[in-house]
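Me: Can you walk me through some helix packing and a pocket here? Keep it quick.
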Amino acid sequence: MVYLSKPCAFVNQSLFDHSKGSYAVLSKFLNDAYYAVISRRLKSVGIQLKPEEVKKLIEISVKLHDIGKAAEYYQNQFDENCLSNKKEPSFIFHEIGSSLFFYHSNYTDDKRVKRLLALAALNHLNAIRGLVDFKPNQLPKGAKEEMLKIEKYGKVLLSKLGFNFEVRDYTINDYIEMMSDFINPPKDEDLKLYKLHNLFLAPIIIGDNLDSHYARSISERRRFIKLLEVELDEDPII
């Protein structure tokens with residue numbers, strides 16, 4: 001019997017395994033042309049990143065898209081072996097914690113890049129919740145500040161993945177600051193920048209859904225996964 005350890009992504013799946021698995025399955029469908037495309041698109045809004053730097057950002061964003069699940073609020077549903085007495089443990093609103101990590105952490109010094117990855121993380125469950133569901137001055141109904149406290153297990157995940165990034169327990173004020181920045185960007189900011197978050201969102205959605213499907217055999221996703229696999233088989237570039 002294989003014993004897993006917290007933080008957990010789901011029953012019988014550690015967050016470390018999901019993080020690595022999401023990027024591993026995504027990597028099968030990407031090649032250097034995709035990173036070059038993103039590099040050119042970012043250059044059009046004044047962000048100078050080489051394709052290899054873009055590749056590293058995609059790795060970071062995909063591996064850490066679910067870091068919000070590391071909140072103690074969610075991890076308290078599991079024992080130390082990622083077993084739970086709940087059939088369907090809930091990670092509702094975990095994308096907020098993930099987004100706050102990308103907005104505040106030190107994986108880059110470029111605030112514009114931070115906005116892009118934070119937007120991608122916040123919107124990676126857009127089939128359930130999208131950006132329009134998040135209010136600027138308060139957490140959405142049902143969300144709690146405890147869901148944003150990801151330092152304890154977030155540090156564990158980052159260490160296991162070999163990342164030396166800052167992570168802390170975030171607050172409602174951190175959320176309000178981030179959302180205010182999304183809604184009221186600097187006056188000299190090229191608004192085309194914000195559309196480019198989709199270039200990071202697509203890899204997150206593909207890696208997340210494929211790994212979750214393969215690891216958990218989620219039946220309700222089978223049609224979506226089948227369509228996704230067909231599209232990716234036809235073109236190895238997202």
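Reply: A term to start with: helix axes are lines fitted to C-alpha atoms over the stretch in contact, and angles run from 0 to 180 degrees between N-to-C directions. Also, this is a predicted model.

Me: OK. At what angle do α6 and α8 pack?
Reply: About 105 degrees. Their axes are 11 Å apart.

Me: What does that angle make α6 relative to α8?
Reply: Roughly perpendicular. Angles of 65 to 115 degrees count as that, so α6 and α8 get the label.

Me: Which residues meet there?
Reply: From α6, R115, A118, L119 and L122. They meet M178, M179, D181 and F182 in α8.

Me: How does that contact split by class?
Reply: The contact of α6 with α8 has six nonpolar and two charged residues. It has no polar ones.

Me: Now α5 and α8. How do their axes cross?
Reply: At roughly 70 degrees, and they come within 10 Å. That makes α5 roughly perpendicular to α8.

Me: Switching topic. What volume does the second largest pocket have?
Reply: About 150 Å³.

Me: What lines the second largest pocket?
Reply: Y103, H104, K111, K114, R115, E177 and D181. The elements giving two or more residues to that lining are α5 (94-104), α6 (111-122) and α8 (172-183).

Me: Which helix gives the largest share of the lining?
Reply: α6, with three residues.

Me: And by class, how does the lining of that pocket divide?
Reply: One nonpolar, one polar and five charged.

Me: Last one: α1 and α3. How do they pack?
Reply: Helix α1 (residues 15-27) and helix α3 (residues 51-63) pack at about 135 degrees. Their axes are 8 Å apart. That angle makes α1 oblique to α3.

Me: Is the crossing of α1 and α3 left-handed or right-handed?
Reply: Right-handed.

Me: Who makes the contact?
Reply: S19, S22, Y23 and L26 from α1. α3 brings K55, I58, E59, V62 and K63. The contact of α1 with α3 has four nonpolar, two polar and three charged residues.

How values were computed. Residues numbered from 1 in each chain as written. Predicted model: local features only at pLDDT ≥ 70, side-chain atom pairs only at ≥ 80, totals over all residues. Heavy atoms only, no water. Helix = DSSP H or I, 4+ residues; strand = E, 2+ residues; numbered from the N terminus. Parallel < 35°, antiparallel > 145°, perpendicular 65-115°, else oblique. Left-handed = near helix turned anticlockwise from the far one by under 90°. Contact = heavy atoms within 4.5 Å. Nonpolar A, V, L, I, M, F, W, Y, C, P; charged D, E, K, R; others polar. 1 Å grid on protein atoms, 1.4 Å probe; cavity = no way out; pocket = protein on both sides within 12 Å on 5 of 7 lines; lining within 4 Å. Points joined across faces, edges and corners; volume = space filled by probe spheres on them.
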